Amino acid sequence: MSKKYVDLETLKYILYDIHKLENLLSRERFQEHDLESLDMFIDSVKEFSDRELYPYFQEMDATPAYHKDGTVIVHEQVQKVMHQSGEMGIIAACFDYEDGGLQMPISAFQAAVYIMDAANNHLPGYPSLTLGAAELIIEFGNQNLKDAYVPNMLSGVWGGTMCLTEPQAGSSLSDIVTKATPTDKGYYKITGQKIFISGGDYKDAKNIVHLVLARIEGAPKGTKGISLFVVPKNRITEDGSLEYNDVMTVADFQKMGQRGYCTTHLGFGDKDDCRGWIVGEEHKGLAQMFLMMNGARIAVGRGAAAIAMAAYRTSLQYANERPQGRKLSSDGKKNPSEKQSLIIEHPDVRRMLLLQKAIVEGSLSLVFLASKYQDILTTANSAEEKEKYHSLLEMIIPIVKTYPSEAGAESVDNGLQVLGGYGFCTDFTLQQYYRDIRISALYEGTTGIQSQDLLGRKVPMQNGKALELLSAEIVKTIIAATNDDNLKPYATALGEKLELAKRVIGKLMPFAMKGNYERYLADANLFMEYMSIVVLGWLWLEMAVDATNKLEDKNRRYSTTFYESKIHTMKFYFKYEIPKTNALAESLMSDEEVTIKTDKEYIL
């Protein structure tokens with residue numbers, strides 16, 4: 001395992017210098033915090049991760065969660081990390097003081113949990129989903145639900161989940177059939193099954209609070225007839241004790257990666273005694289769940305970015321230690337009498353390492369960008385500010401979820417390649433990171449779903465206003481970069497790709513206007529890739545502008561090499577990644593329709 005699973009300097013640089021966490025602290029909600037206290041919080045989570053997460057990373061893969069006698073057996077660190085996450089305030093970090101929280105900026109919280117994800121991506125999901133479930137109860141539940149469940153969830157004593165997917169429906173939530181039958185006792189009887197429930201059950205957990213989507217008898221078909229319910233594994237009795245609530249763990253799915261993070265199949269009401277309590281209004285469940293869903297999608301991107309970071313640190317360490325071959329001389333020959341070169345000296349290895357660095361650090365900046373937008377939205381001082389940052393956040397959420405997941409997998413793949421044959425062996429962790437990150441493109445809406453959301457909903461949203469707002473933010477950085485002769489060519493290149501994106505949309509939009517949405521969305525994945533490359537180019541150019549300015553500052557925080565490395569990586573990104581948009585645009589604007597089903601079947 002690598003001696004260093006996260007680059008803390010770069011994390012703090014992007015959080016403090018690029019996304020300017022300090023600017024948020026002047027807002028009333030965050031006035032009890034300062035940079036020093038938040039820095040101490042992040043450092044304490046790093047120490048916690050060093051001690052309680054990272055040492056168990058390989059062990060949790062080797063001894064995965066499994067189902068036995070109606071429950072799931074998980075590594076003993078799960079319960080320990082849950083409890084300590086509660087004690088340290090990690091679960092409660094962003095909640096209001098009155099709800100037992102710390103009112104911490106989401107940006108600082110994401111930085112802390114990113115470190116946990118990088119240390120051991122099998123563990124942070126347990127407290128993170130508990131946080132999300134508690135958030136729904138606080139936002140939409142009545143006071144009785146809040147009092148009954150939230151304190152034990154924020155303290156890490158009880159776990160929490162979100163239960164959406166069903167065996168027959170998959171990602172199509174309009175087809176869920178889990179049933180909620182009203183009673184005259186203030187609760188509903190719940191019957192049905194849910195699959196792929198992360199953290200859905202584990203031995204020694206005193207209780208798991210499930211947030212379940214179900215359909216009340218007689219409700220409208222489709223997503224408009226879905227309601228949200230609190231369905232605990234163990235319900236609270238009148239005397240405050242717990243009794244079984246007819247929630248059965250049918251199985252635990254055995255996975256190729258994240259094997260220590262249990263994924264369960266749950267059955268509700270097999271004995272007709274599963275009770276659920278409605279959260280908020282009837283038939284509003286999906287809209288309510290999406291409060292949690294947006295946060296969950298950012299969390300998936302954060303987790304993928306963190307896995308890619310840990311893999312990069314591992315392959316970088318290996319490249320700096322492994323001697324193999326010799327550098328080519330000027331005549332193109334190698335001298336076998338010379339000492340072997342470290343593989344980091346070979347240009348192809350350097351290309352793979354720079355690609356990892358570009359993806360990893362760019363993804364981290366993307367996660368912090370979304371977090372900053374969340375923080376500004378939460379503390380908006382005007383309706384105009386709230387509308388602007390809601391639109392910006394909605395626009396980038398599909399990208400935040402997708403780019404670190406897809407490009408992160410490519411990054412880990414390149415890290416594995418750096419190790420050569422050893423990368424394929426269990427002696428090294430690259431193969432584990434490769435298996436672990438693959439789920440990220442499936443979690444919380446697959447890449448295809450996110451791509452259709454981006455092109456189908458977010459681009460046309462408010463007649464294109466959200467896209468205009470995002471473009472305006474990108475143009476600000478382009479203008480700033482144009483003022484520096486060394487950065488001007490890159491600013492020009494990014495501006496051209498932004499203009500090309502408008503031409504692509506201009507080609508596609510008429511299909512939507514004519515009602516031909518199948519054609520409009522047929523290549524949504526390609527559009528997602530295009531926009532992701534542009535957004536990451538923006539973030540790298542932003543970093544290069546800041547690094548260039550810092551090089552002129554005698555009081556700069558980091559070394560000259562640190563800042564120069566950011567500029568160099570930006571140049572790499574613009575040489576190798578930005579040109580990919582040309583091929584993507586060509587495909588997107590092609591008149592060929594080869595993936596749309598016709599009368600004849602060509603996939604044989």
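1. By class, the contact of α9 with α11 has 15 nonpolar, 7 polar and 3 charged residues; here Ala, Val, Leu, Ile, Met, Phe, Trp, Tyr, Cys and Pro count as nonpolar, Asp, Glu, Lys and Arg as charged, and the others, Gly among them, as polar.

2. This is a predicted model, in which local features need pLDDT of at least 70 and side-chain atom pairs count only at pLDDT 80 or more, while totals for chains, interfaces and linings use all residues. Residues are numbered from 1 along each chain as its sequence is written, and side-chain values use heavy atoms, with hydrogens and water left out.

3. The axes of α9 and α11 (residues 383-418) come within 8 Å and cross at roughly 25°, the axes being lines fitted to C-alpha atoms, for helices over the stretch in contact, with angles that run from 0 to 180 degrees between N-to-C directions. The two helices, α9 and α11, are therefore roughly parallel to each other, given that angles under 35 degrees count as roughly parallel, over 145 as roughly antiparallel, 65 to 115 as roughly perpendicular and the rest as oblique.

4. With helix α10 (residues 347-378), α9 (residues 285-321) packs at an angle of about 150°, and their axes are 9 Å apart, so α9 and α10 are roughly antiparallel to each other. The residues in contact (heavy atoms within 4.5 Å) include G301, A305 and Y312 of α9 and L353, V360 and V367 of α10.

5. Turning to the strands, 9 of the 9 residues of β6 (residues 208-216) are buried, so this strand is largely enclosed by the rest of the structure; buried means under 20% relative accessible area, exposed over 50%, and partly exposed in between, with a 1.4 Å probe and protein chains only. Both faces are covered, with I208, H210, V212, A214 and I216 buried on one side and V209, L211, L213 and R215 on the other.

6. Strand β6 runs parallel to β3 (residues 159-163), to which 5 bridges join it, and T161 has H210 as its bridge partner in β6. Strand β6 also pairs with β7 (residues 226-232) in the antiparallel sense over 7 bridges, where pairing requires that DSSP finds at least two bridges between two strands. In this pairing R215 stands opposite I226.

Definitions and conventions
Helices (H or I, at least four residues) and strands (E, at least two) are DSSP runs, numbered from the N terminus.
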